[in-house]
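I opened this notebook to record what I looked up in one protein structure.

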Amino acid sequence: MLLPVLFALGAALSNALATVLQRKAALTVPKSEGLRVGLILDLLRRPVWLVGIVAVITAGVCQAVALATGPITVVQPLFVLELPLALVIAAALLQGRLSRTGWLAVATVVVGLGVVLFAASPAGNRTQVPMTHWIPAVAVCVAAIAALVVAALRRPEGRGRAACFGLAAAISYAMTAALMKTSMHTLDDGGITAFFTTWQTYGFAVFGVCALFFLENAMQSGPLVASQPALTLGDACVSLALGITVYAEYVRTGWWLVPQLLGAALIAAGVLALSRLPLARALASEEKEQPGEGTADAGTPAP
């Protein structure tokens, strides 16, 4: 179990680093009100952006290895650490700082995650999944995503719309991980040819693109405090459900559900607090904050 945990933590750390580096690079290029074709060319001339792309690739490799060697019910919940890690890195690289309130929120997420994983004690690592498991799982997830997108489009810009898109992105990320897990086992068993001829490979690519699209819409539709909890908790919960129903993994039930719920509540409280910090909003915002507007003190809410 140590190997998938280490690689999952590596993926979360790499994703967090990529977020901060790409944000740092975006602050150095000319801004535009609309789409600008030259944006990518400008970013390509920024070494920090290129390092961010390397971090994205590293995160993908680490996640693939983690899913190939461990249960999805262990690997995906560890990604809730991405936001705390991103804020800690941002505090160092973007000349900000986390106050005691911010550090308390980080500690709350870490403790909550530890309680959940200890109480749940996930186990099992099926390598092959029959189509009788995939068909209902994909159908339910696609239907849920479609319903959330429709609900989001019917709402004006704001928290509700952002939350719907955030949850749609969460389901897409969970399906991406579930399909990637089978693809990695196929690669290990049958080689590169089998990898490119199995439908799960193209499935996780499609869901991955959809996840990025919904995430971008979530960020543009409303505040981070609405989309980030839906994304973080939704990914963990849906991944847990897919691990149990598709991969026949199992977690402890009975009275163990009490500490699991307590840990989940701690994670939710910590993520909510972190997403309210000005430093978190600076990472998600397209506009550079002026000095003194909150980036320096990530523990004081912006006016």
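The entries below go from the whole chain to single residues.

**Entry 1. Ground rules**

I noted that this is a predicted model, in which local features need pLDDT of at least 70, side-chain atom pairs count only at pLDDT 80 or more, and totals for chains, interfaces and linings use all residues. Residues are numbered from 1 along each chain as its sequence is written, and side-chain values use heavy atoms, with hydrogens and water left out.

**Entry 2. The whole chain**

I looked up the secondary structure and found twelve helices and zero strands. Helices (H or I, at least four residues) and strands (E, at least two) are DSSP runs, numbered from the N terminus.

I then looked up burial. The protein has 303 residues, of which 48% count as buried. Buried means under 20% relative accessible area, exposed over 50%, and partly exposed in between, with a 1.4 Å probe and protein chains only.

Among the contacts with a separation of 6 or more, 79% join residues 24 or more positions apart.

**Entry 3. T186 and T198**

I located T186 in helix 8, which covers residues 159-197. T198 is placed in the loop between helix 8 and helix 9.

Is T186 buried or exposed? T186 has a relative accessible area of 14% and therefore counts as buried. T198, at 13%, is buried as well.

I next listed contacts, leaving aside neighbours within four places in sequence. On that basis T186 is in contact with G191, A194, F195 and T198. The list for T198 holds S183 and T186.

I found Y202 in helix 9 (residues 199-221), and F196 in helix 8. Y202 is partly exposed, since its relative accessible area is 46%. F196 is also partly exposed, at 45%.

Which residue has a backbone oxygen 2.6 Å from a polar atom of the Y202 side chain? The backbone oxygen belongs to F196. I also recorded that Y202 and M180 are 22 residues apart in sequence, with 9.3 Å from C-alpha to C-alpha.

Which helix gives the most to the nonpolar patch? Helix 8 does, with three residues.

**Entry 4. Aromatic pairs**

I looked up ring pairs next. Rings of Phe, Tyr and Trp (its six-membered ring) pair if their centres lie within 6.5 Å; planes under 30 degrees apart count as stacked, over 60 as edge-to-face and the rest as tilted. By this rule the count is six aromatic pairs.

One of them is the pair of F118 and W256, which is edge-to-face, with 5.9 Å centre to centre and 75° between the planes. This pair links distant parts of the chain, 138 residues apart: F118 is in helix 6 (residues 100-120), and W256 is in the loop between helix 10 (224-245) and helix 11 (257-275). F118 is exposed, with a relative accessible area of 58%, whereas W256 is buried at 18%.

W255 and W256 form a stacked pair, with 4.3 Å centre to centre and 25° between the planes. W255 counts as exposed because its relative accessible area is 60%. I noted that F118, W255 and W256 form one aromatic cluster.

**Entry 5. Positive phi values**

Finally, I looked up backbone angles. S121, a residue other than glycine, has a positive phi near 45°. S121 lies in the loop between helix 6 and helix 7 (131-153) and is partly exposed at 33% relative accessible area.

A248 is not a glycine either, and its phi is positive at about 55°. I found A248 in the loop between helix 10 and helix 11. Its relative accessibility is 38%, so A248 counts as partly exposed.

Terms used. Contact means heavy atoms within 4.5 Å. A polar contact is a pair of N or O atoms within 3.5 Å; within protein, one must be able to donate a hydrogen and the other to accept it, and residues adjacent in sequence count only if both atoms are side-chain atoms.
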